[in-house]
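Try each task before you read its solution.

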Amino acid sequence: MASKSKGTNQTTPAGNTTASGRPGNSTKLTGAEIIWATLEGEGVDVVFGYPGGAILPAYDALRKFPIRHVLVRHEQGAAHMADGYARASGRVGVCVATSGPGATNLVTGIATAMLDSVPIVCITGQVSSKVLGTDAFQEVDITGITLPVTKHNYVVTRADDVARTIREAFLVAKSGRPGPVLVDITKDAQQAAVEFDFAAAAPKPHRPHPMLKTESASIVAAAELIRNAKKPVILAGHGVLQSRAGAEVRTLAERMRIPVASTLLGLGGFPASHPLSLGMMGMHGEAWVNEAIQKADLLIACGMRFDDRVTGTLATYAPNAKKIHIEVDPAEINKNVKVDVALIGDLKEALDALLPHLAPRNEKTESAWVKEIEASKGVCAVRDIRNLPDSGHLYAAHVMHDLWRATEGKAIVVTDVGQHQMWEAQYYKHDEPRTLITSGGLGTMGFALPAAIGAKIACPDKEVWVVAGDGGFQMTAAELATAAQEELDLNIAIVNNGYLGMVRQWQEFFYEKNYQSTPLLSPDFVKLADAHGIRGTAVKTRAEVLPAVAEAQRHKGPFLINFLVEKEDSVYPMIPAGSALHEMIRRPNNPLVEMAHD
Amino acid sequence: MLHTFVALVEDKPGVLTRVASLFRRLNINIVSLTVGHSERVGVSRMTIVCDASPTAGHRIAASLYKLENVLEVDDVGQLSHVARELALIKVAATPKTRSMVFELVEVFRARIVDLAPESMMIEITGVESKIEGLIQVLNENGDRILEISRTGRMVMRRGQHTSRVLDAMRVPGVETAEDKIGDDGAAPSDLLMAEETGL
């Protein structure tokens, strides 16, 4: 078979054989068959989709190909599953939908992948080319709709173009800064039969962005800044994972004794347990992390884009720091933060070029700066909720901490969006890349469950946990049926506080506790799971947390835990939107939280 | 400030939308956009003039390049170039009032391309200020302008540069001398502009 190998989406030496086992030099296939044969040639063995009229020819042809189809319950789930699959595996995820509503339902998932630079290919059916533009049944201009949220998209109206277009879509999706690509294929293009030759449909090599620039003068300038810095900080972003540059970042940090702060999507790129790891920066980063950034004299931004959730107000961001920006997308340079040296190119390659210019740093300077950061932790660590005695309250932070302990930090955790997402980022220590999957840029509630299904299918041997709030979980809860039908060994933790918690927290801090439309009545999630044939249990006290997690781990098949946590707990510290990084709301001496010391 | 970009793009359906959509998304107003064939088969040439902050040029060019159908981008704003616009102007003119228009057309080196009992059509080529000058004088003379059709600016860099040579890209973070002056050492463009107005 052309490519049963899982490790890669690299172009296979197809041509040898196609899905149907015939010699691939030239065979007559329908456009529908060509879709699957091309996907198979690209190394795809699973797609997430939902059939419908305009994509029926493709579904009819699917049985001839060794590709697993996961039937979703809503097309948004299909896009998120492809996304979760891509993030967990580093390969390109594929989803399939029909025209019209099937296609529009993908949009949220496509935008999620776009904002987080995740390579997915979406294939949509389209009405026949003869009626394009006539408002035919289930016709929608999906390429027009998705234009701003895809890296690129295509309309295919001829069977002849199917193979070449899909192959090009894969190339575009994974090259440079990755992202989603949509291929819209008309019904008649699926039905017509034409010669198929996988190898001949190979796209032209992708032209690198012409403004990439990692010339030696910039490398030398960057090395000079790093050598002379007294208070440097590395900012590790999603690019560390995507460029597979974890080892290079670690070498840079260790050789020059530079502490590493991570963005939300960068967590796992640098081991959280490493002595030089500071943890997450930004809006809900620990105080000492953001203070270190504010005091730094050099920031080395590696594959991150200075998002507003990371910088706070730009006017006061890291005022004393020179900035080196290593980034694959030239349009990100100087977009939010003006930088002193830009290395525009693949992070791993740039670091490979930079590291030979750096001799190990003098230990004395290092210890002063690292000690200063250590000292600034002060009472923060004491106030940390993990250090508090069991008061009978169940805090989400406890749940995350215990989940981390029970899984030895090795699970893939897929989080939704909101308070639980931040608690997870704070208390689950990720040591390995691709073990945290979350919607960072778009902040898509409902992401966790479908993305976790994709992640579990990509990594069947890994323990996978969904961590979702009671609000977000209900947005895509229908995918429980998908998990049940696919018999996935998936663990689901719902952090249930009866509120749209993060919105409630903003209402508490900034809207005078006017809890407008945030209290939330939810179904009994354990019964909901039961209705799907999924085992579940509810947890109300801290003592029950570890036994419940252990039961979920032992159970083969999906398992749901409904953690009924403190209702009005907030995520601390917090930098209000538009404030400076050091102007954060610290953990309070809150009567709700019994303090250990002060 | 006005930025001028030349973009060579694939001549395919939807490419104009992708380019226009990029500016819409960046919330940048397009002042003019002209498209036509280039010297290469299957490649269209766009001249895009837009109003954006002085530092926006790099990001616009970098973003344009991210569009799969965009082949080359040249930010010609600061570089020595020739800019031209074509306008057709129809004015109300009777046999009695024609002579005044003829005079103006002579002064502006424009020409009359259509003559009807009630109207005349003027064709004028030049930089925007020249065209606007003619329109202004026509208005001041009380000649009734019936219609104006303008192509928008199209530009070409002076000298050896061809669209195949992409030395024009300037990446911030690394200051180069080219950022300040035209790389061919030509006179500042506003001087050239004045010289070209023909007035």
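Below are exercises on the two chains, each followed by a worked solution.

This is a predicted model, in which local features need pLDDT of at least 70 and side-chain atom pairs count only at pLDDT 80 or more, while totals for chains, interfaces and linings use all residues. Residues are numbered from 1 along each chain as its sequence is written, and chains are lettered from A and ligands numbered from 1 in the order in which they are written.

**Exercise 1: a sheet in chain A**

Task: work out in which order the six strands of the open sheet in chain A lie.

Solution. Start with the order: it reads β3-β2-β4-β5-β7-β6, with parallel pairing. Helices (H or I, at least four residues) and strands (E, at least two) are DSSP runs, numbered from the N terminus, and two strands pair if DSSP finds at least two bridges between them.

Next, look for the edges. Those are β3 and β6 (152-156) of chain A, each pairing on one side only. On average, neighbouring strands here are turned by 20° against each other, direction ignored; the axes are lines fitted to C-alpha atoms, for helices over the stretch in contact, and angles run from 0 to 180 degrees between N-to-C directions.

Now zoom in on two pairs. Strand β2 (residues 46-49) of chain A is joined to strand β3 (residues 68-71) of chain A by four bridges, and A:Val46 sits opposite A:Arg68 in β3(A). Strand β4 (residues 93-97) of chain A has five bridges to strand β5 (residues 120-126) of chain A, where A:Ala97 stands opposite A:Thr124.

**Exercise 2: one residue**

Task: decide whether A:Gln505 is buried or exposed.

Solution. Locate A:Gln505 in helix α22 (residues 501-510) of chain A. Then apply the cut-offs: 20 or more other C-beta atoms within 10 Å of a residue's own is buried, 12 or fewer is exposed, and in between is partly exposed, with C-beta atoms placed from the backbone. A:Gln505 is buried because 22 other C-beta atoms lie within 10 Å. Beyond neighbours within four places in sequence, A:Gln505 is in contact with A:Gln419, A:Ser570 and A:Val571.

**Exercise 3: chain B**

Task: list how many helices and strands chain B has, then look at where chain B meets chain A.

Solution. Chain B has five helices and nine strands. Of its 199 residues, 27% are buried. The contact takes 17 residues from chain B and 20 residues from chain A. On the chain B side, α2(B) gives the most, with six residues.

Notes. Two residues are in contact if their C-beta atoms, placed from the backbone, lie within 7 Å.
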